[in-house]
Amino acid sequence: MMISAGTLHAQNVATAHKDVLLQSDRSWNGVAYKPYSSGQPQLTMIRLTIPAHTALPWHTHPCPNAGYVLEGQLTITDRESGKQHTFHKGEAFAESVDDIHRGQSGNTQTVLLLTYAGEVGQPTSVPVKGEKPEY
């Protein structure tokens with residue numbers, strides 16, 4: 001039997017260890033997610049870097065998404081209620097859908113890993129009228 005140079009062979013077969021970072025049916029501000037649409041699903045994952053002492057423009061997300069703080073901290077503010085929550089390095093969070101909000105970094109740059117569960121052709125972030133895009 002010939003084995004190609006790119007073929008890997010595991011020495012052991014075992015169950016992996018998992019750490020559930022986030023599992024939620026609602027966003028960080030307590031709003032429950034609505035049922036998904038019937039469009040073609042599309043997952044989008046981005047790495048977002050926010051400079052220190054920076055507030056992002058006000059925006060909304062049309063689909064559920066989750067974030068993980070790789071570096072720094074992120075304070076999310078809900079514009080309507082004024083509710084805020086700060087997430088630190090190593091913490092995951094469930095983003096809001098259709099609620100106007102923005103994130104703000106702290107004394108160091110913030111690096112986030114964001115995953116969006118949307119559909120083909122749907123934007124991941126929508127700026128509020130008069131605001132610049134989030135990214």
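Trainee: Which pattern does the protein chain follow, read along the sequence?

Mentor: A word on the source comes before the pattern. This is a predicted model, in which local features need pLDDT of at least 70, side-chain atom pairs count only at pLDDT 80 or more, and totals for chains, interfaces and linings use all residues. Residues are numbered from 1 along each chain as its sequence is written, and side-chain values use heavy atoms, with hydrogens and water left out. Helices (H or I, at least four residues) and strands (E, at least two) are DSSP runs, numbered from the N terminus. Here the pattern is β-β-β-β-β-β-β-β-β, with 0 helices and 9 strands.

Trainee: Why is the protein chain described as more spread out than a compact globule?

Mentor: The radius of gyration is taken over C-alpha atoms, and the globule rule is 2.2 Å times the number of residues to the power 0.38. For 135 residues the rule gives 14 Å, whereas the protein chain has 18 Å, well over that value, so it is more spread out than a compact globule. Its C-alpha atoms fill a box of roughly 65 × 40 × 25 Å along the principal axes.

Trainee: How many cavities of 30 Å³ or more does a search of the whole structure find?

Mentor: Rolling a probe the size of a water molecule over the atoms shows where empty space is left. A cavity is a set of points, on a 1 Å grid over the protein atoms alone, where a 1.4 Å probe fits but cannot get out; lining residues have an atom within 4 Å of a point. Grid points are joined across faces, edges and corners, and a volume is the space filled by probe spheres set on the points. The search finds 2 such cavities.

Trainee: Which residues line the largest cavity?

Mentor: Among them are Leu-56, His-59, Glu-95, Arg-102 and Glu-134. Strand E7 (101–105) is one of the elements that give two or more residues, and E7 gives the most, with 3 residues.

Trainee: Which element supplies the largest share of the lining of the second largest cavity?

Mentor: That share, 3 residues, comes from E8. The lining includes Gln-42, Cys-63 and Tyr-116.

Terms used: On a 1 Å grid over the protein atoms alone, a cavity is a set of points where a 1.4 Å probe fits but cannot get out, and a pocket is an open set with protein on both sides within 12 Å along at least five of seven lines; lining residues have an atom within 4 Å of a point.
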